[in-house]
Amino acid sequence: MKTLAVYHKQLGDTLLLQPALAKLACQDGEDVGLITRPGFEPVVELMPGVRPVTWRSAPRVERLFAYDSGDRSTMATTWVSARRKHLLIFSDFYVRFFHPWLFHDISFRDQMQDYRGRYFWEITPGDSDHGFEPPQLCQPPSTWIPQAAQQQAFIVIHPTSAWKRKCWAAERWIEIVAKIRKVSNFPIVLTGGGSEWERVLCDEIAASCRDGDVMNLGGRTSLREIIGIISKSSMVLTVDGFVSHLAQAYRRPCVTLFGATNANHWHIETEHSKAVFEGENPLSKTKTMEGITIEDVWAVTVPMLDGAT
């Protein structure tokens, strides 16, 4: 192994690092290692050309790239032996007094309005065999798909995120389920995070739907199972978060709802990935989840339902 990358941010952010890691692996002609948060291994294992590495067991490498300047990444960088160490960050605001002694090179570039995945790819030095492509993952083992979701085709609704402010009201999701039921026979699988409030939201949606309309797995799945479910889904409806990036990685048709978050940073528009937000300006800081109407979401959902398989 010639190259290690270090990154300790959220799970969705880590998935968006994949194109940059693929670029490094292409340059090396072999796998690169990624030191990241414990528990993220299922995602890293499925990144083409990437292997999960712990900071304690990291081999000596030719080069190390740290994509954040937080304490955990700084500690890992200090521990690892590398011929050259590079820090790639947004601005000099994040540079601490000891960083020049730890890193041989410090580069910073404002993200501006770039998609985070493209930003990572562009700030990573060196050539690539091809242009930027959105994140992608290898197919997971079939054992990662829960028995309850091993159906030929199904729609996933994942209404939760790590932050409550990113979520849409339960009653609006209930209306979307009812609309889907009128035009499609696809089974609907409801998933969500494991925190108490996320379970409550999923339970509220499921309890208010007609019997048999949804299969409620909210808060009942592991990370591996969520990956398995999304990889086999026919379509995904969700809010800004990891599941949206996961659907993109598997090129699954996906509708993502954005509140105050800048959609330009966390979404790339493709034929299979669409964003919904209040108004017409993704940069507006006055956008809210409450401002997204059922009609807004349904207008984007219908064409994608027609193409779902």
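In the predicted model, Phe 90 is in contact (heavy atoms within 4.5 Å) with Phe 108, Arg 109, Asp 110, Gln 111, Arg 116 and Tyr 119, when its neighbours within four places in sequence are left aside. Phe 90 lies in the loop between β5 and α5 (99–102), where helices (H or I, at least four residues) and strands (E, at least two) are DSSP runs numbered from the N terminus. With a relative accessible area of 28%, Phe 90 is partly exposed, buried meaning under 20%, exposed over 50% and partly exposed in between (1.4 Å probe, protein chains only). Residues are numbered from 1 along each chain as its sequence is written, and side-chain values use heavy atoms, without hydrogens and water. As the model is predicted, local features need pLDDT of at least 70 and side-chain atom pairs count only at pLDDT 80 or more, whereas totals for chains, interfaces and linings use all residues.

Helix α2 (residues 18–28) packs with helix α6 (residues 116–123) at an angle of about 25°, their axes being 7 Å apart; axes are lines fitted to C-alpha atoms, for helices over the stretch in contact, and angles run from 0 to 180 degrees between N-to-C directions. This makes α2 roughly parallel to α6, a term applied to angles under 35 degrees. At their contact, Pro 19, Ala 20 and Lys 23 of α2 meet Gly 117, Phe 120 and Trp 121 of α6.

Leu 21, Tyr 67 and Leu 246 touch the most other members of the largest nonpolar core, which has 43 residues; such a core is a set of buried Ala, Val, Leu, Ile, Met, Phe, Trp, Tyr and Cys residues joined through side-chain atoms within 4.5 Å. At least two residues of this core are supplied by each of α1, α2, β2 (32–35), α3 (41–45), α6, α9 (223–232) and α10 (242–249), and the largest share, five residues, comes from α10. Apart from its neighbours within four places in sequence, Leu 21 is in contact with Ala 5, Val 32, Leu 34, Met 47 and Val 50. A second, separate core of 34 residues includes Trp 173, Ile 205, Ala 206 and Leu 237.

How values were computed
Parallel < 35°, antiparallel > 145°, perpendicular 65-115°, else oblique.
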